[in-house]
Amino acid sequence: TLTIPTTVTSLGNYAFKGCTGLTSITWNKVQTIGTNTFQGCTQLTKLQLPDTVTTIGDYAFDGCVLVDTLTFNNVTQIGSYAFQNCDKITKVIIPSTVTKIQTNAFANIDSLNNVTFHGLSEPSTCDTAAFSGSNMEFVDVYIGYSSPSFCGLNPRTKQACGVTISD
């Protein structure tokens, strides 16, 4: 387990790259995760980003064995290849605060079967290759979503006030 002191707000580029024994992170005040910060940390299986994180750099978690659901509470930017090859991610929940999703941010994740976006229009930068190499075709959006696409995926209105709406 890695414990980041509350005085640290930014994790530098390559800071923990290749730390294969790293299994979990305890952090509270981090705002920025730099380029390649946790790349190749192959034992890192759980990731709960603190609400303070706003920026995730390129290749930040590339190759980590993150499992289950990724939730980005106040994140505004997700860098290129940030979660590439994180083979066990099944669901990604993206809030309306996200304004930038770079190329291949979620590339090559075969297990990814659900992406939900909570905004009403596509982020200002939303690369069409963000989900390249995954099996994703649709993104679940809420009633009122106004963009014709989402990072190369087709929007699919599925939920409103906890009710599933059939196609």
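Okay, housekeeping. Residues are numbered from 1 along each chain as its sequence is written, and side-chain values use heavy atoms, with hydrogens and water left out. Since the model is predicted, local features need pLDDT of at least 70 and side-chain atom pairs count only at pLDDT 80 or more, while totals for chains, interfaces and linings use all residues.

So, rings. We get eleven aromatic pairs, where Phe, Tyr and Trp rings (the six-membered one for Trp) pair if their centres lie within 6.5 Å; planes under 30 degrees apart are stacked, over 60 edge-to-face, the rest tilted. Take Phe16 and Phe38: centres 5.4 Å apart, planes at 10°, so that one is stacked. Phe16 sits in the loop between β2 and β3, Phe38 in the loop between β4 and β5, so the pair ties together parts 22 residues apart in sequence. Strands here are DSSP E runs of at least two residues, numbered from the N terminus.

Phe38 is buried, at a relative accessible area of 0%; buried means under 20%, with a 1.4 Å probe and protein chains only.

Next, Phe72 and Phe83: with centres 5.5 Å apart and planes at 65°, they are edge-to-face. Both Phe72 and Phe83 are buried. Ring pairs also link a cluster, including Phe16, Trp27, Phe61 and Phe131.

Now the strands, which pair if DSSP finds at least two bridges between them. β6 and β8 run parallel over five bridges, with Leu70 partnered by Val92 in β8. β8 and β10 are parallel too, over four bridges, and Val92 has Val115 as its bridge partner in β10.

Terms used
Buried means under 20% relative accessible area, exposed over 50%, partly exposed in between (1.4 Å probe, protein chains only).
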